[in-house]
Amino acid sequence: MLRRLGIPLALAAMTTAVLVPGAAVAARDREWLAERMATGGSDGAVAHLAAFDRIAAGNGGNRGVGSPGFEQSLGYVADRLTGAGYEVTYQDVPYRGFHVDAERATAPDGTGVRVLMSQYGPSTAEGGLTTPLFALPAGQEDPAPGCEAADYPAHARGTIALVRTGGCTTPGKAEAAGEAGVAALLLYEVSPAPWTVLRLRAPDSLIPVGHLTQLDAEALAAQAGAPMTVELRGRDEYATTVNLFAETAGGQADDVVMAGAHLDSSSDGPGVNDNGSSVAAVLEAALRLAPYQDVVPNKVRFAFWGAEELVNIGSHHYVESLTPEQVEAIALYLNYEMLASSNYVNFVMDGDDSDHPDTGGPAAPPGSGQVEAVMAQGYRIQREPLKTADFASMRSDSEAFIAAGIPSGGAHGGIRGLKTPEEAAVFGGTAGQFYDPCYHQSCDDLAHANLAAMRASAKAVAWAVGRFAVYDEDVRAASRR
């Protein structure tokens with residue numbers, strides 16, 4: 001087997017030395033596979049990214065769960081993994097989705113307005129709702145009103161209310177408006193990209209909720225008091241998707257290293273950056289590891305999650321399906337998100353809370369600081385800058401593993417936050433703009449992906465996977481599990 005794979009016997013001997021738990025291992029022996037996997041270009045990852053772009057373009061610009069685009073993306077990943085010698089397995093994942101039947105708005109002056117319906121919210125009647133438009137003004141003391149029913153005057157009752165986001169969650173805004181007797185709520189975000197519009201969730205809302213761009217909201221506000229029409233109709237759908245797994249043939253079954261990324265896009269875009277970029281990087285790391293999969297000391301399991309965009313459903317389902325012994329066997333989890341953001345920063349998650357101690361989110365389990373150090377090294381060996389970020393800054397599939405006490409790490413290229421002048425000085429790009437202005441938009445395609453960031457991050461992913469495939473005793477010792 002070793003000769004067939006082209007692996008020198010001396011190399012195999014070096015790996016067996018690492019199999020002894022707790023043995024002192026020189027850094028060069030820990031990193032031999034990481035160095036091999038991170039050497040060379042990243043054209044393979046870019047080719048995978050281009051494939052996801054083509055799949056989305058051929059399927060209505062979407063790769064969301066339950067869509068043909070998702071199924072073709074799944075097939076693409078499975079074909080490449082099986083072709084590299086992995087056995088691919090699937091896990092069924094039941095989920096609650098949301099199907100939009102109608103989303104339409106007509107301004108008082110008769111012009112059409114693009115509106116996106118909140119997921120899991122109530123619908124208008126067929127044909128829509130026609131009633132006066134009310135614009136809730138923002139002030140210096142409260143720049144984002146609408147979080148309390150008392151924010152609405154009596155004459156807002158029965159109207160379609162135009163309100164900016166902020167100050168509380170979308171469900172919070174919907175609850176307050178409903179209690180005030182508003183008939184429907186239109187939300188917009190004051191944004192450095194005023195043409196963008198996000199589809200958010202409003203479960204348990206009393207009233208229909210839609211989302212507009214800032215530009216359309218400003219035009220509508222000038223027509224407040226006149227009647228407008230909104231039709232927002234949708235329904236819950238219950239279905240089943242899958243998680244896809246591939247793991248090395250070799251490695252200790254009670255010492256599993258996991259790396260994962262979610263395969264589905266949002267329902268409103270191709271998802272090339274979110275999250276085709278991370279799938280491409282993890283897939284390429286798996287392909288680079290494949291020739292060594294019989295000799296790695298630690299078993300490596302690659303995961304491609306379904307239904308993440310419905311709030312991490314696939315990863316939570318997987319972790320909740322594990323026995324305590326199976327949880328104990330997972331040494332660590334590496335999660336990747338949005339590695340090709342156009343206005344990127346190389347963010348590595350702060351595993352020991354040394355840089356972000358008081359965010360209010362759950363602390364990462366012990367051992368996560370050691371995971372962070374290795375993930376950061378994957379950028380440093382390329383002389384690429386990086387910055388730490390709190391896990392709360394990117395809700396993703398790491399949450400289920402953190403809740404289970406599994407040491408975790410993550411990296412992402414930035415989402416809806418604004419790039420600071422200090423970050424622009426280090427990483428380039430534009431200060432005061434979103435890291436990814438195409439987040440959950442139809443423009444999240446290959447043309448708007450930062451391929452330089454993609455290439456560097458793909459090498460960093462390969463480095464971390466190769467390092468932990470050989471040596472994870474530092475994480476195990478710190479976690480004391």
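Start at Cys147 and Cys168: they form a disulfide, with their sulfur atoms 2.2 Å apart. The cut-off for a disulfide is a pair of cysteine sulfur atoms within 2.5 Å. This is a predicted model, so local features need pLDDT of at least 70 and side-chain atom pairs count only at pLDDT 80 or more, while totals for chains, interfaces and linings use all residues. Residues are numbered from 1 along each chain as its sequence is written, and side-chain values use heavy atoms, with hydrogens and water left out.

**Stop 1: the disulfides**

Stay on Cys147 and Cys168. The torsion about their S-S bond is about -100 degrees, so this disulfide is left-handed. Now show the secondary structure (DSSP runs numbered from the N terminus: helices are H or I, at least four residues; strands are E, at least two). Cys147 sits in the loop between strand 4 (129-135) and strand 5 (160-164). Cys168 sits in the loop between strand 5 and helix 6 (170-179). The pair therefore ties together parts that are 21 residues apart in sequence.

Colour by relative accessible area (1.4 Å probe, protein chains only; buried is under 20%, exposed over 50%, partly exposed in between). Cys147 is partly exposed at 21%. Cys168 is partly exposed at 29%.

Next, select Cys438 and Cys443. A disulfide joins them, S to S 2.1 Å. Its S-S torsion is -115 degrees, and the link is left-handed. Cys438 is buried, at 6% relative accessibility. A search of the whole structure finds 2 disulfides. Their pattern is 1-2, 3-4, counting bonded cysteines along the chain.

**Stop 2: the nonpolar cores**

Select Val77, Leu81, Leu289, Phe302, Leu334 and Val465. Of the 69 residues in the largest nonpolar core, these touch the most other members. Such a core is a set of buried Ala, Val, Leu, Ile, Met, Phe, Trp, Tyr and Cys residues joined through side-chain atoms within 4.5 Å. Helix 14 (residues 451-470) gives the most to this core, with 11 residues.

Zoom in on Val465. What does Val465 touch, not counting residues up to four places away in sequence? The list is Met37, Ala259, Ala285, Leu289, Val300, Phe302 and Leu334. Contact here means heavy atoms within 4.5 Å. Another core lies apart from this one, with 25 residues, among them Leu133, Ile160, Tyr188 and Leu232.

**Stop 3: two single residues**

Select Leu287, in helix 8 (residues 272-289). Leu287 is partly exposed, with a relative accessible area of 22%. Leaving aside residues up to four places away in sequence, Leu287 touches His48, Arg80 and Ala84. Draw a C-alpha distance from Leu287 to Arg80: 7.8 Å, across 207 residues along the chain.

Move to Gly369, in helix 11 (residues 368-380). Gly369 is buried, at 18% relative accessibility. Beyond neighbours within four places in sequence, Gly369 is in contact with Gly351 and Asp352. Gly369 and Asp353 are 16 residues apart in sequence and 7.9 Å apart, C-alpha to C-alpha.

**Stop 4: a pocket**

Finish at the second largest pocket. Select Gly85, Tyr86, Glu87, Thr89, Phe245, Ala246, Glu247, Thr248, Ala249, Gln293, Arg301 and Tyr318, which line this pocket. Strand 8 (residues 227-247) gives the largest share of the lining, 3 residues.

A pocket, on a 1 Å grid over the protein atoms alone, is an open set of points where a 1.4 Å probe fits, with protein on both sides within 12 Å along at least five of seven lines; lining residues have an atom within 4 Å of a point. About 190 Å³ of space lies in this pocket, the volume being the space filled by probe spheres set on the points.
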